[in-house]
Amino acid sequence: MRRRQKPPLPKRNGLDPARLRLPEDTEGTWATIRDHLVERLPRVPAARIDELLAEGGIVDLDGPIAPDAPYVPGGAVWFHRDLPDETPVPFEVTVVHRDETLLVVDKPHFLSTIPRGQHILETALVRLRRDLDLPDLIPAHRLDRATAGLILFVIDPTRRGAYQTLFHKRRVHKRYEAIAPHDPGLDLPRTVRSRIIKERTVLRAFEVEGAPNAETLVELLEHRDGLGRYRLSPHTGRTHQLRVHMNGLGIPILGDDFYPELTDRPVDDFTRPLQLLAATLAFTDPITGAERRFETTRTLQAWTDHEGWAAAAGPSADEPH
């Protein structure tokens, strides 16, 4: 397997520098690297590119690139992108387990797992790399920003593949808890099977006719005051699978901004979080052969304090119990 080229710039804020390969240019389109970058990066003002070049912030394997450096077909350059302004997520990531190879954490609601879109520094991965001084940390799987609970990270870069393969081959037993309306006429437990499609340009996933590609065991653990506490055991991992299946049963998860209706929640609104929690991870360790099992330290507020959750008093579910 081809070894990844080591960047000539160090990580910043837990993030690798961006790498741009300079395409082969047989027609001499660009006289300088600067000319190429101005065309290649239309969202970055030319004045900002000039600033980065002047301060030595754009480099190749030999060091900083001069503002008038000639274009090098097939070469590569590295630089740190300017980061967007982000609203701080006011909840902590809780470490559940740490050893030389693995890190298991309890992620709060509203915190993305990895950098994406407008969420860069305010992500679990970047926070953990920075706060725990683990620059090579990588997640073995992901949780939606709206979902709280357990995530497994790999510390030892030589063993990433073994743990990521566990998830790809569905060898990890995952259980979730959810709070949703209680329907006394709904026959539970039941295994829900359907075909779920998620199009790249559409925010929501949806069910269609066809061979099932998503399967979830839905169990009612207890109920009171018109609400149920459910255990959800997914056999597959389609986008929004648990939320789609619960909505399809007519009991959408409380706090869901996507199902049944799409709600435009402001990015700084941390009230009434989605009542979905990744509660258990269990697997046979691919390195040691030991049985591993991890349990969440969190609870769901709509069950323990429904009035506080409904009154938008703040998501106490993001506090470990």
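## Ground rules

The model is predicted, so local features need pLDDT of at least 70 and side-chain atom pairs count only at pLDDT 80 or more, while totals for chains, interfaces and linings use all residues. Residues are numbered from 1 along each chain as its sequence is written, and side-chain values use heavy atoms, with hydrogens and water left out.

## The whole chain

Let us start with the overall view. The protein chain has seven helices and 15 strands. Here helices (H or I, at least four residues) and strands (E, at least two) are DSSP runs, numbered from the N terminus. The C-alpha trace spans about 75 × 45 × 40 Å along its principal axes.

Of the 321 residues, 45% count as buried. In this report, buried means under 20% relative accessible area, exposed means over 50%, and partly exposed is in between (1.4 Å probe, protein chains only).

Helix α1 covers residues 33-40, and its buried residues are Ile33, His36 and Leu37. Seen down the axis of α1, these buried residues fall within an arc of 100°, so they line one face of the helix. That arc is the one formed by the directions from the helix axis to the C-beta atoms. The cover over the buried residues of α1 includes β1 (18-21), α2 (46-54) and β4 (76-79).

Two packed helices are described by the angle between their axes and the distance between the axes. The axes of α1 and α2 come within 10 Å and cross at roughly 140°. That makes α1 oblique to α2. Axes are lines fitted to C-alpha atoms, for helices over the stretch in contact, and angles run from 0 to 180 degrees between N-to-C directions. Angles under 35 degrees count as roughly parallel, over 145 as roughly antiparallel, 65 to 115 as roughly perpendicular, and the rest as oblique. On the α1 side, Arg34, Leu37 and Val38 make the contact, and on the α2 side Ala46, Ile49, Asp50 and Leu53 do.

## Helix α5

Six of the eight residues of α5 (241-248) are buried, so this helix is largely enclosed by the rest of the structure. The buried ones are Gln241, Leu242, Arg243, Val244, His245 and Met246. They pack against β9, β10, β11 (206-208), β12 (214-224), β13 (227-234) and β14. Just after α5, glycine 250 takes a positive phi of about 85°.

## The β14 and β15 hairpin

Strands β14 and β15 run antiparallel and are joined by five bridges; two strands pair if DSSP finds at least two bridges between them. They form a hairpin with six residues between them, and glycine 289 in the turn has a positive phi of about 80°. Strand β15 (residues 291-295) has a covered face made of Arg292 and Phe294, and an uncovered face made of Glu291, Arg293 and Glu295.

Alanine 279 sits in strand β14. It is buried, with a relative accessible area of 5%. Leaving out residues up to four places away in sequence, alanine 279 touches Leu150, Arg175, Tyr176, Glu177, Phe294, Glu295 and Thr296.

Most residues other than glycine have a negative phi, and most peptide bonds are trans. The table gathers some exceptions.

| Site | Feature | Value |
|---|---|---|
| Leucine 188 to proline 189 | cis peptide bond | omega about 5° |
| Tyrosine 259 to proline 260 | cis peptide bond | omega near 5° |
| Aspartate 133 | positive phi, not a glycine | phi about 55° |
| Arginine 272 | positive phi, not a glycine | phi near 45° |

Where do these sites lie? Proline 189 is in the loop between β9 (173-181) and β10 (190-197). Proline 260 lies in the loop between α5 and β14 (276-284), and arginine 272 is also found between α5 and β14. Aspartate 133 belongs to the loop between α3 (124-131) and β7 (138-139).

Aspartate 133 is exposed, with a relative accessible area of 63%. Arginine 272 counts as partly exposed, at 35% relative accessibility.

Key:
Contact = heavy atoms within 4.5 Å.
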